[in-house]
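The following exercises concern a structure with several chains. Each task is followed by a solution in steps.

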Protein chains: 4
Amino acid sequence: MIIMKTGATEEQIARVVNEIMKYGLRADVSRGAFKTVIGLIGDERKIPFSHFEVLPGVKEVLRVEIPYKLVSREYSKYSESMSKHKVIKVKNVRIGGKEPVYIAGPCAVESKEQLFRIAEAVKKAGAHILRGGIFKPRSSVHSFQGLGAVDRKMAEKALKWLREAGEKFEMPVVTETRGEVHVDLVAEYADILQIGARNMYDQDLLTMVARKKKPVLLKRHFGAGIEEFLSFAEYIAAEGNKDIILCERGIVPIGKGRTYTRYTLDLAAVPAMQKETYLPVIVDPSHGTGRRDLIFNMSCAAIAAGACGLMIEVHYDPVEALVDSQQMITPDELKDTIEACQHIYKLAQPKIKVS
Amino acid sequence: MIIMKTGATEEQIARVVNEIMKYGLRADVSRGAFKTVIGLIGDERKIPFSHFEVLPGVKEVLRVEIPYKLVSREYSKYSESMSKHKVIKVKNVRIGGKEPVYIAGPCAVESKEQLFRIAEAVKKAGAHILRGGIFKPRSSVHSFQGLGAVDRKMAEKALKWLREAGEKFEMPVVTETRGEVHVDLVAEYADILQIGARNMYDQDLLTMVARKKKPVLLKRHFGAGIEEFLSFAEYIAAEGNKDIILCERGIVPIGKGRTYTRYTLDLAAVPAMQKETYLPVIVDPSHGTGRRDLIFNMSCAAIAAGACGLMIEVHYDPVEALVDSQQMITPDELKDTIEACQHIYKLAQPKIKVS
Amino acid sequence: MIIMKTGATEEQIARVVNEIMKYGLRADVSRGAFKTVIGLIGDERKIPFSHFEVLPGVKEVLRVEIPYKLVSREYSKYSESMSKHKVIKVKNVRIGGKEPVYIAGPCAVESKEQLFRIAEAVKKAGAHILRGGIFKPRSSVHSFQGLGAVDRKMAEKALKWLREAGEKFEMPVVTETRGEVHVDLVAEYADILQIGARNMYDQDLLTMVARKKKPVLLKRHFGAGIEEFLSFAEYIAAEGNKDIILCERGIVPIGKGRTYTRYTLDLAAVPAMQKETYLPVIVDPSHGTGRRDLIFNMSCAAIAAGACGLMIEVHYDPVEALVDSQQMITPDELKDTIEACQHIYKLAQPKIKVS
Amino acid sequence: MIIMKTGATEEQIARVVNEIMKYGLRADVSRGAFKTVIGLIGDERKIPFSHFEVLPGVKEVLRVEIPYKLVSREYSKYSESMSKHKVIKVKNVRIGGKEPVYIAGPCAVESKEQLFRIAEAVKKAGAHILRGGIFKPRSSVHSFQGLGAVDRKMAEKALKWLREAGEKFEMPVVTETRGEVHVDLVAEYADILQIGARNMYDQDLLTMVARKKKPVLLKRHFGAGIEEFLSFAEYIAAEGNKDIILCERGIVPIGKGRTYTRYTLDLAAVPAMQKETYLPVIVDPSHGTGRRDLIFNMSCAAIAAGACGLMIEVHYDPVEALVDSQQMITPDELKDTIEACQHIYKLAQPKIKVS
């Protein structure tokens with residue numbers, strides 16, 4: 001991490017970047033109001049730091065030992081003045097801002113009628129962003145894989161419905177990009193590109209999605225520690241895209257006997273991550289618990305833990321849903337949940353001290 | 001589980017109990033306002049259920065397949081009308097009642113002065129019950145083991161301080177009973193007997209503590225699933241003592257790399273357990289996270305998840321504490337935490353539907 | 001699963017396949033010496049089984065409840081006579097046959113000289129198949145990503161070295177295909193296509209790789225249970241490619257404190273999986289332990305547990321290796337390991353009863 | 001750790017011990033052929049090390065940072081010349097010596113007839129030590145708890161059978177001491193005192209058992225990391241009893257879906273622990289897998305991993321056993337297992353380099 005002097009010229013910055021590239025690394029240039037910070041991308045061990053210290057315009061050279069340098073609070077401290085989170089703007093919605101953000105919609109888009117009906121209902125219930133799965137990652141090849149799996153034409157049709165529903169009900173839309181071959185297509189229609197938990201470790205997919213220059217919603221893999229999660233977010237940041245929304249959605253359950261929840265929702269990871277990174281952190285209680293009857297309380301708990309938002313699966317008739325029917329709530333339940341969360345957010349937020 | 005007819009006589013009940021004992025099992029007799037339910041303790045496979053169905057006064061014989069019969073909602077449904085939780089009364093405090101309960105105090109009692117100073121402070125901050133460790137379970141024989149480890153005289157002295165502090169500041173007191181040889185001594189002074197997480201599987205200790213006929217605070221072992229946790233609570237209930245407070249305090253972390261929290265606080269277990277059992281569930285965010293800077297948010301999250309109370313470690317000067325100094329908060333921080341939790345409890349509670 | 005009568009005609013088979021496709025599913029036709037078995041791929045709930053029972057040539061219709069039907073022993077039982085494992089032939093090597101197979105080579109291909117030197121050494125030590133990473137999945141964007149990451153030209157150059165080394169020292173070669181965009185390229189040069197642990201859940205990659213009609217070495221993800229592992233192997237089988245080698249390489253460690261091994265090698269999964277599937281199972285003790293000093297013993301243990309082979313990272317000078325230097329062994333150590341394993345295989349194998 | 005000079009006098013040793021006690025710690029004096037090493041028990045931070053360096057007879061003062069000092073290889077290195085393991089002698093059996101040791105017998109002692117019949121059979125099959133549970137730790141109060149749970153008289157009767165069977169068939173006997181109140185009784189009859197996995201964290205029980213001055217077989221808790229396991233062995237060593245046999249028996253399974261083994265047998269922990277401690281390490285494949293059909297292979301694997309012995313549950317008619325019938329093997333299967341293990345031990349042992 002190279003901190004430039006206040007007033008460093010563009011030539012001086014360009015020279016530093018040039019020198020970095022000579023060593024086979026890439027540079028991340030972050031321009032603040034007063035100073036510019038340059039992050040190194042690649043294996044720093046190759047770099048003679050002393051050489052950089054004497055380049056014109058360089059104020060200081062700092063080694064950052066953690067593997068998630070570009071998304072760390074350490075980095076943001078120097079590069080810009082961020083009160084708490086990076087605020088990611090998507091159309092009229094601000095993620096990481098003063099209000100929590102609610103993402104809701106069906107698990108899988110099943111038909112235009114189903115999508116529009118749910119979209120309208122979640123909008124009324126208070127949701128800001130519409131979700132809807134078109135490419136569904138599934139544990140079994142014998143399960144319904146989403147409309148995206150039928151063929152490219154059906155995939156595009158479903159993506160168009162999603163965009164139309166978003167426009168009609170004034171919500172940006174998010175959907176999962178599973179599979180590198182679909183990235184271009186999905187990026188054409190979605191406002192936010194989701195990387196599912198199962199694909200968190202897929203660095204090629206992350207890199208490809210990052211380059212689309214749209215906000216990325218990255219879900220934590222259920223076997224990943226926090227350090228790994230942030231290190232894979234770093235793959236996105238390394239492409240110059242720092243509009244990353246982190247999503248906790250549960251880790252693998254441990255212990256013998258019956259499991260009472262589908263995963264173990266790791267809510268303490270929410271404030272713990274917020275000490276490490278400036279990226280906004282949201283929670284998905286639907287996959288995290290897999291139980292409709294726990295969504296209300298775990299949504300409240302997530303917001304109380306300090307989450308910037310929630311991602312919830314909603315269906316007007318949960319038992320009818322083709323995927324994950326046991327974890328979906330109704331629009332009315334969503335409304336109750338959002339109402340309680342709005343109150344809780346005010347009570348729980350002010351105390352998060354990032355020191 | 002044998003459900004007696006309304007108006008079954010004492011003789012009829014006694015006969016059923018007698019028959020049960022003939023088969024080498026024990027009976028748990030639960031008398032409600034209208035009917036009496038008799039639970040079986042032991043291996044039910046030995047019992048010819050058809051034989052019981054025809055005994056006078058017997059209305060119905062039900063098999064309960066889960067290993068935690070006596071503490072299950074199923075059992076309470078027949079035995080008494082409990083709206084939500086069993087309310088456990090300890091002096092003037094009601095655990096599982098309409099208000100959340102806050103248990104606070106030092107991790108370890110270090111001196112009379114330290115204990116009284118903290119007791120006064122936590123009372124002022126809003127705590128209802130005073131905690132203070134005298135027999136400390138530790139992972140290393142080379143660590144401070146609590147005043148109880150010095151000798152029996154010192155142990156008793158510390159227990160007396162605890163009781164005096166409780167009386168002076170009008171709070172019932174809870175302390176851990178580690179080791180069967182200390183049970184009698186601890187039971188003489190404490191209002192609530194705590195079984196630490198490391199001892200959750202110690203069925204002999206559980207049985208011995210249960211027989212003291214005082215409320216028992218049972219912590220979940222960090223390697224235990226919910227089914228196991230409730231099955232060990234059953235050991236206490238099997239002694240006729242159903243004044244059991246369940247405490248979630250984190251499970252073993254998984255994943256590679258640095259762990260950012262000491263344990264993984266499993267908050268979804270709180271509402272999940274409350275669907276299974278009528279016993280009140282509280283949360284210990286101090287051990288659950290091991291991080292002072294996360295206590296406020298994780299306390300709020302625990303209450304939002306539906307916990308009936310919290311158990312928090314407090315010290316006027318955290319860095320000075322002999323044990324777990326990095327996870328203790330100050331009395332002022334406790335006050336803020338309780339205030340926020342009181343509001344959140346009202347918002348999050350009404351939606352827990354036990355169906 | 002539809003079992004055809006002995007002597008069912010091609011027309012009868014074609015009709016069954018046709019009917020299956022009418023319901024939106026795909027068919028897997030497995031022709032044995034005496035009978036033909038047809039597996040269904042897709043959501044079986046849509047199928048009226050009774051309808052199939054009466055089609056000409058159909059002997060029996062069986063429902064298989066497990067999500068890994070096509071790779072299950074159940075399926076192989078009907079489709080062909082396999083004594084123990086499916087034997088996968090790659091050039092002169094038989095995986096799953098009467099002798100264990102040793103796959104060895106550098107973690108990452110670093111240069112032609114390094115690769116050839118190691119290839120020659122592992123061949124002499126007794127290895128049958130040469131491994132060498134060109135596209136390296138890494139937890140940090142700041143780590144060396146393999147020569148494949150430099151550019152396409154470098155990637156192809158390295159792949160050519162690998163093939164040349166394989167030809168020169170008469171070993172088939174295996175390398176990881178990370179990223180869908182590289183599949184065609186890698187498939188051109190490698191004899192066996194490896195899916196790394198991090199990509200096990202990447203169903204699009206699996207499908208794409210499966211279609212190359214080359215044997216696939218699928219590593220178990222470190223957060224995956226056995227059922228999930230086999231269910232993802234099913235994605236490969238669903239493309240008609242059943243030349244799948246399963247590789248156990250450790251699951252996420254649990255527990256507090258220092259971790260003494262990088263992952264927890266789950267050796268009991270080896271015989272447990274071999275009861276479920278006819279696919280050969282190998283073990284990678286290098287990643288599983290992450291410790292050079294444990295490779296010998298854990299290799300012996302893997303073979304004793306019933307593994308059909310091992311995958312081991314070797315370097316003539318472990319400390320010099322650019323990736324995972326702490327887990328590499330020398331060619332001499334490989335020789336000792338293979339020698340011991342050859343003896344152990346004979347002792348441990350005969351007792352595996354697949355009943 | 002204080003290393004005395006060669007030829008230090010008894011007075012000099014006594015003075016060092018005395019000084020240690022002044023600081024509220026205890027001393028562990030380990031006399032080797034040439035030199036004496038004194039270990040500190042308790043919180044070392046209280047000790048002014050420089051003060052000890054100048055005491056007469058003191059050669060060197062070393063700080064050991066790990067929490068398992070007294071059982072560490074570091075400690076043994078100075079105190080005695082142990083080639084590989086501490087050899088624990090029990091009657092005519094040597095644990096940790098040149099031959100692996102096989103402990104076998106019924107899970108639970110059910111009757112004299114059952115015990116004697118199994119004892120005779122396991123002796124013939126090659127077992128060295130007889131096991132038999134009398135106090136059974138169980139997850140459910142509704143399960144059979146062992147004959148020890150009936151009453152004290154029955155417990156003593158069963159213990160006498162165990163001793164008689166041991167004498168008749170010339171095998172030392174091991175049985176679990178569950179519950180502090182039973183320690184005296186069990187210690188009267190058993191040659192080796194077992195601490196079950198569930199009680200590993202019960203430091204009071206460990207201390208009490210250690211004082212019986214008989215060898216202790218300590219099982220690893222299924223939620224414990226290696227550091228914790230060794231730290232609890234340290235509680236036994238701190239009482240001056242270093243005849244400790246460590247037993248790996250599986251850790252909690254992780255992951256979604258069906259679990260194919262009862263626990264995850266962590267075989268890499270065997271050689272990993274043997275680098276850390278001089279204590280012999282054995283493996284219990286019966287509880288570790290919970291599956292009869294995996295015992296042969298996982299026994300072979302445990303020995304191949306470097307275990308000094310095995311502990312296996314045997315019954316002449318597994319399905320009839322009252323406890324854990326699905327994991328018991330027959331005497332014939334035991335014989336086959338021991339035979340294979342004897343060969344494997346020779347192949348796998350020589351390569352363990354403790355460096």
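**Exercise 1.** Is A:Glu170 buried or exposed?

*Solution.* The model is predicted; local features need pLDDT of at least 70, side-chain atom pairs count only at pLDDT 80 or more, and totals for chains, interfaces and linings use all residues. Residues are numbered from 1 along each chain as its sequence is written, and chains are lettered from A and ligands numbered from 1 in the order in which they are written.

Step 1. A residue is buried if 20 or more other C-beta atoms, placed from the backbone, lie within 10 Å of its own, exposed if 12 or fewer, and partly exposed in between.
Step 2. A:Glu170 has 12 other C-beta atoms within 10 Å and is therefore exposed.
Step 3. A:Glu170 lies in the loop between helix H5 (152-168) and strand S9 (173-176) of chain A; helices (H or I, at least four residues) and strands (E, at least two) are DSSP runs, numbered from the N terminus.
Step 4. Although not a glycine, A:Glu170 has a positive phi of about 55 degrees.

**Exercise 2.** Describe the setting of D:Lys213.

*Solution.* Step 1. The loop between helix H7 (203-210) and strand S11 (216-219) of chain D holds D:Lys213.
Step 2. The phi of D:Lys213 is positive, near 60 degrees.
Step 3. D:Lys213 counts as exposed, with 11 C-beta neighbours inside 10 Å.

**Exercise 3.** How many residues of chain A are in contact with chain C?

*Solution.* Step 1. Contact requires C-beta atoms, placed from the backbone, within 7 Å.
Step 2. On this basis, 32 residues of chain A contact 32 residues of chain C.
Step 3. H8(A) gives the most to the side of chain A that touches chain C, with four residues.

Notes
Contact = placed C-beta atoms within 7 Å.
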